[in-house]
Amino acid sequence: MTDELEDELRRALPATQVRGSRIRRRRGSDAGRSRVRTDSAERALLRRDASVFDGGVAGPVCFPETAAEVQAIVRIANAHGRAIVPRGAGTGLAGGAIPLGAPIVIALTRMNRILEVDTINRVAWVEPGVINLDLSKYLRPMGYHFAPDPSSQQVCTIGGNLANNSGGPHCLAYGVTDTHIIATEVVLPSGDIVMLGGLDPEPDGLDLRGAFVGGEGTLGIATKIAVRLTKNPPAVRTLLLSFGHVADAANTVSAVIAAGIVPAAMEVMDQRITIAVENYVHAGYPIDAAAVLLAEVEGLEGGVQIDADRIGEIGRAHGATDVRLAASDRERALLWKGRKTAFGAIAQIKPDYYLHDTVVPRAKLAEVLAQVYEIADRHELLVMNVFHAGDGNLHPLLIFDGREPGVLDRVHEAGAEIVRASLAAGGVLSGEHGIGVEKQAYMSEQFSDDDLDHQNRLRQSFDPHCRSNPGKVIPMGHSCADIQALRRVPTGVWG
Amino acid sequence: MDLTIDPDELNMCVQCGLCLPSCPTFRVTGDETRSPRGRIALMRAVQNDDAPLTPEVLEAFDTCVQCRGCEPACPSGVPYGHLMERTREALADDGSLTPVWQRWALKPLNQPRLLQIGTTAMAVAQRLKVLPDRLGAPADLPLRHHALAPSATVDAPGRETVFLFTGCVMDVWQSKVHAAAQRVLEAADVAVIPTNRLAPCCGALHTHAGLGDDARARAEQLIGALPERPILVDSAGCGAAMKDYGHLLDTEAAREFSARVFDIQEWLAPRVDQLPQVDKVPVRVAVQDPCHLRHVQRVHEATRTVLAPFVQTLVELDDDGLCCGAGGAYSVLQPELAGLIRERKVEAIDRARPDLVASANPGCSMHLAGAGVRTIHPMQLIDAAISKTPL
């Protein structure tokens, strides 16, 4: 049966299609190799994304290049009763793209064309594998960009952004991914292709687009996406404020918003992460400050200067020891590069990290942060805090060396306490990384049984057999069909 | 299998994936096994968990260009190049990588006479139009080799005297670049000793292929042959290899030697005022940064500093220094992937609309020329400007 599945997939995805290529190909050459991979190396690598979670075993790994090919794969999977899991760049932090139950992995990295840009209507059609930053770079000469800018934007894909309803520093002013997805073509778990949303300003009917965004691959696979284009701002000011206490930075953030200013971004990093980041980018981050606040205001020249001055004043009133204005585009770019690569820099200190993503009311930031440090101390773990302060979106990084016996248990215990502390403060589980497998167990602490049952009913109306990314998001007790899909694995075949 | 990689270095990768878009093979395949993160995970699987060396695992290692574009992208500073070099050496020692024919093919690099005979034979074949394109040789292979002579001013009072490293294949295939480099240096009142047969090969290609013993022997030979003076290199790949001798041999002499190695643009940049002031050449030139200049030596800005006074318009490519696919012998060993990678580079070049592309590495120049791009070494451009020779 397995061989039959592979044969069918190989027929659906003939080898050698590297689009637009002018070069000659030889048999057995690398570029001409099969787009259906079943070897142990490929399957082992796709057990992981950027999170600490190790998946099961990936089934065949497929590299489709068109929506029709995605459709063919889904239909073959259905005929064989197999689950599917879509994957972009594999930068997810909640285990959303890891394989559970030997699913067919649908890697969308080769569907990476920008299909159409319409600056008059401010919309672009792109394929899901387009890298977020590639799109904004492509749009730059036209004076536009794609506003959601997750820290991983240099590598993460638009399809992944859509699936996780990703945020990013500048989503404070512009809103998260959902705001910027106008329509999407979707291959449903049944294999049908539908268009959700539309280019009309007010599409008729139920907003299924809104339901689909943030579905983490459990509702189907986006194969073509209409994204909103955002005009590049005429003027930008970037401020770096230093503080002697993390709480002062957090309170400054609340005070800025309370003063009626909505900056484009407000990001806080504590001392440990600032040292690691500065060691990599050499942007002039102060390594002796307990915390730094990176604030950016955008708009018309006159307005941004006034806002920047006021943010500086508010910072000083809350204990800022230094306020610096980025003097050039280069300095500004370096400061942002530091902030956006922060997670990747931690191996300078420890080789593993576990990153949480809770959101708390802005006014409670300082209070919850103090608890986070206390929890980490109690579990004898190092914690570094880097977060989207303007949204109250915390990213505590518990850092450790996985080779140390028992450490992962302590990390999970501390993580659970951090999540509970955030929920107790009136917060939510995830700001932007999604639920995946990571926060599934906590869903019932945020939602009632009725809430979860209704979420599952929506999911089943898209995917009645629960074969699309099974075992994610909705906790097991509310999603019995997932258990069936996971049990239907031909055990031993892929081991 | 023990790949003999330092466990702490191997453990440095946090698998964040920020390197993926800087990897040329991931860019053209979208495949995790063709990415730095994937290759490091496979090294771990082999070394820590004794995963079997399947053909696919070997392919994953073999398809790495070793451009090291992932290193500047890594916030944790994973020394990817060294990890890959250790892996290749362990697998070559084991007989799993680098087949015997490749080992033999690299032997003559240290034998200038053999190289010259081979080049003449290839030049004849080229003129008879029977030379396979796949070899990637330049279109005008010389029939005869003319060795450069030392400057008349060597050790004259008040003159700086430097070695100009001439190398192996570049010396027989592109000696006109060396000749231009020597004229430019002399125009800056610098006396030049071309290394010729004193120092026939730097061993970079051996290191790439995992032939560590050969590479170390080449390094020892150069260190013995080139004492005291600065050593200028007009091939980015060779310069990067020679700057790494301190790490390769781990001796005081090797570190002292590596500290004297400079890319020629790097060395000239602070001395650019010593060059004569002439009219700028009326061309639009795109600077193509060789990976081993930009990602390994990290001195690529110097190319702009030295070119700026001599050409009318300098333009940048918009691909963030992504590799062109040349990679030493890579374009010969992995022609399909190298071709796909080159297509991306050619598209970036087309967007910049240059008359000429300046590249400070012979491998990149030849590989790009193979796709019809008009390439030139920065030293040839400056030489043409000073001597007022039409391009």
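How far apart do the C-alpha centres of domain 1 and domain 2 of chain B lie? In this predicted model, the distance between the two centres is 29 Å. The domain assignment of chain B gives domain 1 as residues 7–97, domain 2 as residues 110–268 and domain 3 as residues 276–387.

Gln15(B) is not a glycine, yet its phi is positive, at about 65°. This residue sits in the loop that runs between helix 1 (7–10) and helix 2 (24–29) of chain B. Gln15(B) counts as buried because it has 22 C-beta neighbours inside 10 Å, the cut-off for a buried residue being 20 or more.

Chain A contains 16 helices and 18 strands. Its C-alpha trace spans about 70 × 55 × 50 Å along the principal axes. A compact globule of 495 residues would have a radius of gyration near 23 Å, and chain A has 23 Å, so the two agree. Of the 495 residues of chain A, 55% count as buried. Among the contacts in chain A between residues at least 6 apart in sequence, 70% join residues at least 24 apart.

Within chain A, one open sheet is built from 4 strands in the order 1-2-4-3, with mixed pairing. Strand 1 (36–37) and strand 3 (84–87) of chain A are the edge strands; each has a single partner strand, so one side of each has no neighbour in the sheet. Strand 3 of chain A runs parallel to strand 4 (residues 104–107) of chain A, and 4 bridges join the two. In this pairing, Val85(A) has Val105(A) of strand 4 of chain A as its bridge partner. Helix 3 (residues 67–79) of chain A packs on the sheet, where it touches strand 2 (61–62), strand 3 and strand 4 of chain A. The direction of helix 3 makes about 175° with that of strand 4 of chain A.

Further along chain A there is another residue with positive phi. Asn165(A) has a phi of about 45°, although it is not a glycine. Asn165(A) lies in the loop between helix 5 (158–164) and helix 6 (171–174) of chain A. Is Asn165(A) buried or exposed, and which count decides? Asn165(A) counts as buried, because 21 C-beta neighbours lie inside 10 Å.

What remains is the contact between the two chains. Chain A gives 42 residues to this contact and chain B gives 32 residues. On the side of chain A that touches chain B, helix 2 (40–45) and strand 16 (352–355) of chain A each supply at least two residues. Helix 2 of chain A provides the largest share of that side, 5 residues. By residue class, the side of chain A that touches chain B divides into 20 nonpolar, 14 polar and 8 charged residues.

Definitions and conventions: Residues numbered from 1 in each chain as written. Chains lettered and ligands numbered in written order. Predicted model: local features only at pLDDT ≥ 70, side-chain atom pairs only at ≥ 80, totals over all residues. Contact = placed C-beta atoms within 7 Å. Nonpolar A, V, L, I, M, F, W, Y, C, P; charged D, E, K, R; others polar. Domains from an automatic or database assignment. Rg over C-alpha atoms; globule rule 2.2 N^0.38 Å. Buried ≥ 20, exposed ≤ 12 C-beta atoms within 10 Å, placed from the backbone. Pairing = 2+ DSSP bridges. Axes fitted to C-alpha atoms, helices over the stretch in contact; angles between N-to-C directions.
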